[in-house]
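This briefing concerns the pockets of one protein model and the residues that line them.

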Amino acid sequence: SWPDGLLYLGGRRRGGGLFTNLINRWLDLRNDLRLINILRTGSFDFVQLKDKFLAVIPTILIARWYKIPFFYWLSFPYPEEAQYLAEESQRSTRYYQLLRYCLFNLILYKIALPAASHVFVQSTRMKTTLVLHGIPPEKITPVPMGVSLVDIPQLSPSQNAAAREQDQPCRLVYLGSLSHLRKLGFLLRAFALIQRAAPRTHLFFVGGGNCRDDEHVLKEEADALGLQSLITITGQLPRQEAWTQVLLADVCLSYIPPSPVFDVGSPTKLVEYLALNKVVVANDHPEQREILTQSGAGLCVVSTEQAFAEGVLHLLSHPDEAKRMAERGRPYIAQNRDYPIIAEMLEQEYSTILQRLTISQSSIAQRET
């Protein structure tokens, strides 16, 4: 039972491995096909898939049979990710990723998005990318990532500083995945430059890798740079514990490697930093540039280690300016990225789209008559 309806939750098998993954793919598809019976039970305004591929064709056919609009929600560029992984992979997995790329590219850009009455995406840059694939811009709506402020502790920058012990090194914090695809060696090399000018600094990676090797590779690179005693990797933490680590930071770091995969994203870490009243140094990523330009809650620098290090050193050496920037973050989030605000916008968008579709269908019916 859900507040405004029913939630149908499909089962999955525990464990990993190829066989278990194949079984879970089948269970996912079987659960999606329950849509046929669900649509018989009541009146629905639309059917929406999010980030699904195997269920696309059956869902489109079912929606057309019941004459219900079909919407698609794309939160991540899966075809581009598969292509990126193919370029990064060893020969043993490269052909598998190329196969994924061809399949996802076909289903997404040739079937799902052209058939959808409307498409929701993660960012304005993702909308631009879909337009280049031939999707009309008027049927694409960006819905960026946000946070729920009621869940996030509110401390002033002064309280944040007071929460730390005296005479502690300056803390730089990166919050997020440590996947090797994130190329976080960039932050280590920037940190090496920071250390030369500000030796009393310590870098915290709050998060874990997607696989066992991710953290090991990061530690090896830190060792090669002579930083092994100056970095801490916390591993995966519960959300509240991770935010506690962020609250202790002097400067928060948001690095996203420039690539077609990540350029279209809407980074959650940056929104969380601002909601926690933290000043940020971020590299020149489309949405990071937009958020920091609008909020004034940090510095957005070009994607070089030197520029990133200079941005951090500037904030460390100008604490009053950093404090003023930090104080702008949470008010900006409250006005633009708090989930109740986003939900209200989304509900209004659904209503507008459905009204437009109803008018369009009425016009078609009149012409046919």
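Which element gives the most to the lining of the second largest pocket? α16 does, with 4 residues. The model is predicted, so local features need pLDDT of at least 70 and side-chain atom pairs count only at pLDDT 80 or more, while totals for chains, interfaces and linings use all residues. Residues are numbered from 1 along each chain as its sequence is written, and side-chain values use heavy atoms, with hydrogens and water left out.

**Second largest pocket**
- About 1,200 Å³ of space lies in this pocket, a pocket being an open set of points on a 1 Å grid over the protein atoms alone where a 1.4 Å probe fits, with protein on both sides within 12 Å along at least five of seven lines.
- Its lining (residues with an atom within 4 Å of a point) comprises 44 residues, and Met145, Arg182, Ser266, Pro267 and Thr268 lie nearest the centre.
- At least two lining residues come from each of α4 (78-88), β5 (170-175), α10 (239-247), α11 (268-275) and α16.
- By class, this lining divides into 24 nonpolar, 14 polar and 6 charged residues.

**Largest pocket**
- The largest pocket has a volume of about 1,500 Å³, and of the 31 residues that line it, Leu6, Leu7, Tyr8, Phe44 and Gln48 are the closest to its centre.
- α16 (339-368) supplies the largest share of this lining, 5 residues, and α1 (18-32), α2 (35-39) and β1 (47-50) each supply at least two.
- The lining of the largest pocket holds 15 nonpolar, 6 polar and 10 charged residues.

Notes
Grid points are joined across faces, edges and corners, and a volume is the space filled by probe spheres set on the points. Ala, Val, Leu, Ile, Met, Phe, Trp, Tyr, Cys and Pro count as nonpolar, Asp, Glu, Lys and Arg as charged, and the others, Gly among them, as polar.
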